[in-house]
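Subject: Structure for you to look at

Hello,

Here is the structure I said I would pass on. Please open it alongside the notes below.

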Amino acid sequence: MTGSRRKKPIQLPFPPELCALICEEVGTERKRDLLALCRVSQLFRDEAQRLIFRTVVVTQRQNSSPLESWCYAVTRRPQLAPRVYSLRLTLDHGLDLTSDLDKLARALPKCVNLKELSVGGRNWFSHESHQGWALSNKCTFRLDKFTNSYFKNKFLSQFWNTQSEIRLLSLPVFTGPFPCHSDQLPNLIGLEVANIQALPTGRPLERIQLLTQWNPAMTNLSALVQYSSTLTTLNLVEYHGSTAFSMHRILAQVAVTVPNLVHLGFAELRRQRTAYAPVKPEQPQGMPDAISVPILVRFQRLETFFCHLYNISHFIDVPARKAYSLDEPQDQEAFGRLTMAACGKLRRITVALDMRTPPEFKGDDLVCTLTRTGRDGDVHVEHGTRFDMDKVSMFWV
């Protein structure tokens, strides 16, 4: 019996500050190493748990119990729940209507310092009582960021009243109209929606992320003009990739409508085409895959720009009649340098091409990031094989 008991961590004479520095150096992405540090000493356990539970990702599916494990941990160990700063829940149809929701209803209110909450998945429960686990008055936390693709909007009215400190709101499957009244979410500065018609009127938004399908014949971004005096960040995310489009035309609209942007991004994040048919470089300006540097020069305050593409295979420097192929690292870098030279305030540009092949979509991205560093304006270049939009986007910062 004695040999089967869990050994208590030994007590090493390290000051808490040193333990904290060591755990910070390990970082939250290396959770296995942080778990190992929990067994070194009580001080290391405290500091490692602080990082482990700061950001929590729980995906609940059939025949798995990560949600139950997390709920058990934060309800049975009262020191853990206050350490949760960011919580991402993906709730699929494996969720038990009574047991799992009851566990969530008891666990979530204990996370009193929660600032970022994301809830997604399939919501099969249409009754208001089934939504109460997150919308209960027992939850005293005040969110700064909220992502919802789970709750039906008719259940959120009281939630909007309570969570008045939300600054960044993501409704990635919401097509409008905007669900909040004018006196709700008074601190909102950033909004992500699935349709430009879902954007609210009369709000001085500073950041917008649109998730939609771009159609060259129908694309109309004129509704953005109401935010021209406040908008600094705009990301246009094309989620279907099933139709050709003109990035040149879209950016030209944006330059006229909201010319004072500081951060601009364009991404194709899902690909449905079965064939890759790059347009020949000799085709004239105005074709779907032609973009000229002068378009970006129109944004005189622009500091960061990113694009992640599939349907566009070349960038065109129209005055020089030169094509830059996005599947060539040297051409990605050359285009980035050309753009940074033309845009004096631009301090970072990321150019990425989705190289995965259908139908399995196996393979890598081809990514090149150029960053202007130092007072002399030296440019640091980094090539990679994975595009991380959250890393290069300025929407969530």
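This is a predicted model: local features need pLDDT of at least 70, side-chain atom pairs count only at pLDDT 80 or more; totals for chains, interfaces and linings use all residues.

Helix 4 spans residues 66–76, and its buried residues are Leu67, Trp70, Cys71, Ala73 and Val74. Viewed down the helix axis, these fall within an arc of 160 degrees, so they line one face of helix 4. They pack against strand 1 (55–60), strand 2 (86–91) and helix 5 (99–107).

Trp70 is also one of the residues with the most contacts inside the largest nonpolar core, together with Leu169, Leu234 and Phe315. That core has 88 residues, and helix 8 (residues 247–257) gives the largest share of it, six residues. Another core, of nine residues, lies apart from it and includes Ala267, Ala352, Val367 and Phe387. Beyond its neighbours within four places in sequence, Leu234 is in contact with several residues, among them Ile208, Leu224, Val254 and Leu261.

The count of salt bridges is six. One of them joins the side chains of Arg347 and Glu303, at 3.1 Å from N to O. This pair links distant parts of the chain, 44 residues apart: Arg347 is in the loop between helix 10 (329–342) and strand 13 (348–354), and Glu303 is in the loop between helix 9 (293–297) and strand 10 (304–309). Arg347 is partly exposed, at 34% relative accessible area, and so is Glu303, at 27%.

Glu333 and Arg337 also form a salt bridge (3.1 Å, N to O); both lie in helix 10, four residues apart, about one turn of the helix.

Regards

Conventions:
Residues are numbered from 1 along each chain as its sequence is written. Side-chain values use heavy atoms; hydrogens and water are left out. Buried means under 20% relative accessible area, exposed over 50%, partly exposed in between (1.4 Å probe, protein chains only). Helices (H or I, at least four residues) and strands (E, at least two) are DSSP runs, numbered from the N terminus. The arc is that of the directions from the helix axis to the C-beta atoms. Contact means heavy atoms within 4.5 Å. A nonpolar core is a set of buried Ala, Val, Leu, Ile, Met, Phe, Trp, Tyr and Cys residues joined through side-chain atoms within 4.5 Å. A salt bridge is a side-chain nitrogen of Lys or Arg within 4 Å of a carboxyl oxygen of Asp or Glu.
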